[in-house]
Each structure stands twice: as structure tokens, then as C-alpha cells.
Amino acid sequence: MDDAVFLFDKDSELASNFTISIWKSLRAWLGVSFREPQPGERAGFEVKPANTVLIVTPGFMKHPQVQEAIVLACQQKRNLVFLHHIRTGCDLREEIFAADEECHKAIEKALKDDRIVIYTEDLSEQCNDILIQKMSLKDADQLSAAYNKRVSDRKISIMKNSAKIAKARTMAGVKRKYDICITQATIEHSADGMPVTEDLFVEFTKLAPALCIGRNYGDKVKNADVRYTFNLIVVLTKDAFTCAPLLEEIKVSLENEGNILLVHHLMSCPNIEEEIAKCEDQVLSASLKRAPRFTYMPGVAPSVLMGILSPGHIKTDDNKSPRTKQALSSGGGKSFRLDYKNRFA
């Protein structure tokens, strides 16, 4: 007997592919079983399992089989879980309250019990853990042990990689004060950035104590100068790239041959391309498009740290070639400036 069934818009290719992708990622989870989604099947959904997971995508409630299945699930008092495909940009409440009025009471109860999962494939493992916690399961002990093992593995990975970075810093030819600096837009431009910076800083301090972390709060006393680090983490929130001080920090970091890492707050701005397009400086925008990206949601900061500290993302030394060093040192102390090479062509 399956533990859960997915309800999704079979007419939507996006919804069908997304649901199949989730189901495939959940097949490795021992102790829980999900009914395989069949987009091409003409028959409606069977809501016999104890849990009914609704894949919230634009207009999913307009599908007649979804409407019929959710009414049946409410009548049989199944455990409703709303899985929101946030990258589609659809409004969760607007979509789910498009159901029949007789289902509204059950929907409101599910919302009150916080049975909502914000899902992104970038963090599929963490989102799957959250989904399973929202479900009603008979054998939860086995799943709980596996969850604790994954959490422990992430922490061990963070500590190992941070120790390697700290060792590389001691052996570097050029040393800077901070291993990493975290910055965000000012509160006036984007209020969502400050809590993310604080969350990342606390997790770095707790899980990677070997690293020296700086952070910018817009206070001249507490600010960490971005020139004193090779790595600048930029917290991307809604309208962040309309903030002139933030753009100036990024530019200064790049001109000092810094490494830019974008932490994308998914719930603040689901569409990252739209946010980068708000940067009017074309040179800076082109540099940001090439920067490594890490998806952030509340509660998954350790996973963000694990991605940032994985090999290949953190710069620990000035790794210019001998020819570049010679070119920069000659001719009256030339320095790099962020600009297009053919601007005057």
C-alpha cells in the first residue's frame, strides 16, 4: 500500500515533468512509498493512500480530475499536503482556494497546520525531508534515523572542507584578513537580505569555526571591507541589484580580483534572471550571470554552506599567472579595472 499519491495537472507538461522528477528523487527514500505519477493515464486519481500531495502549479485546480480527487480526499479526511512549485511564480493561496467550496474547510485546516512545502529541485533532498515530516506515516522511526544521518553527513562535510580551506590560507602566498565576506542590499532597498546574512553568519560560526568570516550590516564600525577577502557572498533578494552601495561593493571586489558567490533567496525572488536584469551596469550584470549560484530557503542554511565550501568554489590565494603579474607590476603600477576590453573600439 502506497503512503501518498500526487495530484497534478496532467495537461501541463511542466507540472507532469516536475511531479515525475519529485517521484524519482523520492524512490531512494526507504520506509516510504509514493504512487508513480502517470500523466498519460486517462483514468482519474485514486486517493486511497493516507496522504494526498497536491502539486501547486499555475491553474492546476482547473483540471477536472484534480477537482474530483480533492473533493474525494476531503470527504475521506485524507492528510492534505500542498507542494508549491515556487519557480513558476504562482500564488499558493490563490491557486488552492480555486477548489470547490466544500473543500475550503479542509484546505484551511491544512494551512493552519502548516502542511505546505516550498519545493525546488536545487534542494530536492532537503525539500523531500520537509515533505516527509508533513506527512502522516506509520513507521516514522526509520525515516527519522535516515534524516539524522543526512544532517550529520552535511555537518561533517562542512567541517572537513572548511579545515582544508583554512589550511590552504596558511600556505597562501598572498594572505587576506577574511576567508569569506557576506553582504546584502541595505534595508531601504531590500529588507529580506539582513536575516539571510545573519543566518549564514551564525551557521558559518557554528559549523565552520576554522574560517574567518566577515559581514556587512551597513554600519561603518561593523562592516568588513570587501578588499580584505578573496570571496564575497552576495545575498540576492528582491530589488537587491537596485542598491547602489551593494553594486559598488561587488565592483570593488571584482577589481581586487575577488570571487563572487550568489546566494539566491528563493522565497524573496523566485526568478533570478529578472533580478540580475535590474542591474543597469552591463559589465557588472555580465559578471553576475557567470557567478556560482546557491539556492537559499529558511531552514536549509547548512546545505547552502556545504555547497559554498565544496571544492572549486572558494579562492584561497592570488593565482595570477607570471605573465599577468609582470603586466600589472610594470608601467607605473597598473591595476585591473572592471570594464569591457573593446569599449573604445
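What is the volume of the largest pocket? In this predicted model, the largest pocket has a volume of about 270 Å³. Its lining comprises 13 residues, and those that lie nearest the centre of the pocket are Q126, Y147, R154, G299 and V300. By class, the lining of the largest pocket divides into 6 nonpolar, 4 polar and 3 charged residues.

A search of the whole structure finds 1 cavity of 30 Å³ or more. About 80 Å³ of space lies in the largest cavity. The lining of this cavity is formed by 13 residues, of which R169, Y178, D179, F230 and T316 lie nearest its centre. The residues that line the largest cavity comprise 6 nonpolar, 2 polar and 5 charged ones.

The protein chain as a whole contains 12 helices and 9 strands. Of its 345 residues, 46% are buried. Among contacts in the chain with a separation of 6 or more, 77% are accounted for by residues 24 or more positions apart.

Helix α1 spans residues 13-26 and has 14 residues. From its first C-alpha to its last, α1 reaches 20 Å, close to the 20 Å expected at 1.5 Å a residue. The buried residues of this helix are A15, S16, F18, T19, I22, W23 and L26. Viewed down the axis of α1, these buried residues fall within an arc of 165 degrees, so they line one face of the helix. An α-helix has 3.6 residues a turn, so residues three or four places apart point the same way. On the other side of α1, E13 and K24 are exposed. The partners against which the buried residues of α1 pack are the strands β1 (4-7), β2 (51-56), β3 (79-85) and β4 (116-119), together with helix α5.

Within helix α5 is found I132. This residue has a relative accessible area of 10% and is therefore buried, the cut-off being under 20%. When neighbours within four places in sequence are left aside, I132 is in contact with L26, W29, V32, L137 and L143. The C-alpha atom of I132 is separated by 9.6 Å from that of S144, a residue 12 positions away along the chain.

Most residues other than glycine have a negative phi. D114, although not a glycine, has a positive phi of about 60 degrees. This residue lies in the loop between α4 (104-112) and β4, the latter being one of the strands against which the buried residues of α1 pack. The relative accessibility of D114 is 43%, so the residue counts as partly exposed. D239 is likewise a residue other than glycine with a positive phi, in this case near 65 degrees. The loop that holds D239 runs between β7 (231-236) and α8 (244-255). With a relative accessibility of 26%, D239 counts as partly exposed, because that class covers values between the 20% limit for buried residues and the 50% limit for exposed ones.

Conventions
Residues are numbered from 1 along each chain as its sequence is written. This is a predicted model: local features need pLDDT of at least 70, side-chain atom pairs count only at pLDDT 80 or more; totals for chains, interfaces and linings use all residues. Side-chain values use heavy atoms; hydrogens and water are left out. On a 1 Å grid over the protein atoms alone, a cavity is a set of points where a 1.4 Å probe fits but cannot get out, and a pocket is an open set with protein on both sides within 12 Å along at least five of seven lines; lining residues have an atom within 4 Å of a point. Grid points are joined across faces, edges and corners, and a volume is the space filled by probe spheres set on the points. Ala, Val, Leu, Ile, Met, Phe, Trp, Tyr, Cys and Pro count as nonpolar, Asp, Glu, Lys and Arg as charged, and the others, Gly among them, as polar. Helices (H or I, at least four residues) and strands (E, at least two) are DSSP runs, numbered from the N terminus. The expected span of a helix is 1.5 Å times one less than its number of residues. Buried means under 20% relative accessible area, exposed over 50%, partly exposed in between (1.4 Å probe, protein chains only). The arc is that of the directions from the helix axis to the C-beta atoms. Contact means heavy atoms within 4.5 Å.
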